[in-house]
Amino acid sequence: QVQLVESGGGLVQAGGSLRLSCAASGTSFSINAIGWYRQAPGKQRELVAGITNGGRSNYSGSVKGRITISRDAAKNTIYLQMNSLKPEDTAVYYCNAVVLFPGSSGDYWGQGTQVTVSS
């Protein structure tokens with residue numbers, strides 16, 4: 001089992017910044033890929049940004065240039081630096097990881113952290 005714990009959400013004015021963190025913990029695992037999704041009220045969950053164990057990152061077109069995903073592999077932690085936030089960025093942000101165990105794999109989600117951007 002792997003636990004993903006997110007932090008860093010909150011209320012910010014449009015144009016402001018927030019930094020989200022997601023820490024993975026467990027035993028005998030490695031992260032194959034990890035990223036951030038978000039879900040706004042009444043909308044489907046969507047990918048925001050992801051990063052592979054090789055360090056390759058990808059971004060949703062709606063956040064490209066404003067949001068940066070990074071990782072600290074030694075700490076099994078990823079970060080989402082969000083700048084120039086817009087009201088449409090308001091959502092619950094979830095961390096997701098594809099994890100490898102000896103002989104198996106798993107897909108894990110965090111509990112989510114609320115990001116609210118006021119206009």
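**Notebook: sheet, core and rings**

Entry 1. I looked up a sheet and found four strands in the order 1-3-8-7, open and with antiparallel pairing. Strands here are DSSP runs of E with at least two residues, numbered from the N terminus. Two strands pair if DSSP finds at least two bridges between them. Strand 1 and strand 7 stand at the edges. Each has a single partner strand, so one side of each lacks a neighbour in the sheet. On average, neighbouring strands are turned by 15 degrees against each other, direction ignored. For that angle, axes are lines fitted to C-alpha atoms, and angles between N-to-C directions run from 0 to 180 degrees.

I note the source. This is a predicted model: local features need pLDDT of at least 70, side-chain atom pairs count only at pLDDT 80 or more, and totals for chains, interfaces and linings use all residues. Residues are numbered from 1 along each chain as its sequence is written, and side-chain values use heavy atoms, leaving out hydrogens and water.

**Entry 2. Strands 3 and 8.** How many bridges join strand 3 and strand 8? I found six bridges, in the antiparallel sense. L18 stands opposite M82 in strand 8.

I then checked G16, in the loop between strand 2 (10-13) and strand 3. Is G16 buried or exposed? G16 is buried, because its relative accessible area is 18% and buried means under 20% (exposed is over 50%, partly exposed in between; 1.4 Å probe, protein chains only). G16 and N83 are 67 residues apart in sequence, yet 6.1 Å apart in space, C-alpha to C-alpha. Leaving out residues up to four places away in sequence, G16 touches M82, N83, S84 and L85. Contact means heavy atoms within 4.5 Å.

**Entry 3. S21.** I placed S21 in strand 3. S21 counts as buried because its relative accessibility is 17%. Beyond four places in sequence, S21 touches V5, E6, S7, W36, I78 and Y79.

**Entry 4. The core.** Next I looked at the largest nonpolar core, which has 31 residues. A nonpolar core is a set of buried Ala, Val, Leu, Ile, Met, Phe, Trp, Tyr and Cys residues joined through side-chain atoms within 4.5 Å. Which residues touch the most other members? They are W36, L80, M82 and Y93. Several strands supply at least two residues each, among them strand 1 (2-7), strand 4 (30-39) and strand 11 (113-118). Strand 9 gives the most, with six residues. In soluble globular proteins, nonpolar side chains tend to be buried together.

W36 is in strand 4. W36 counts as buried because its relative accessibility is 0%. W36 and A91 are 55 residues apart in sequence and 12 Å apart in space, C-alpha to C-alpha. The contacts of Y93 beyond four places in sequence include E6, L20, W36, L80 and V115.

**Entry 5. Rings.** I counted three aromatic pairs. Rings of Phe, Tyr and Trp (its six-membered ring) pair if their centres lie within 6.5 Å; planes under 30 degrees apart are stacked, over 60 edge-to-face, the rest tilted. F101 and Y108 form an edge-to-face pair, 6.3 Å centre to centre with 75 degrees between the planes. F101 is buried at 18% relative accessibility, and Y108 is buried at 16%. Y37, Y94 and W109 form one aromatic cluster.

Last, I looked for charges over rings. The rule asks for NZ of Lys or CZ of Arg within 6 Å of the ring centre and within 35 degrees of the ring normal. R19 lies over the face of Y79, 4.0 Å from the ring centre. R45 lies over the face of W109, at 4.6 Å.
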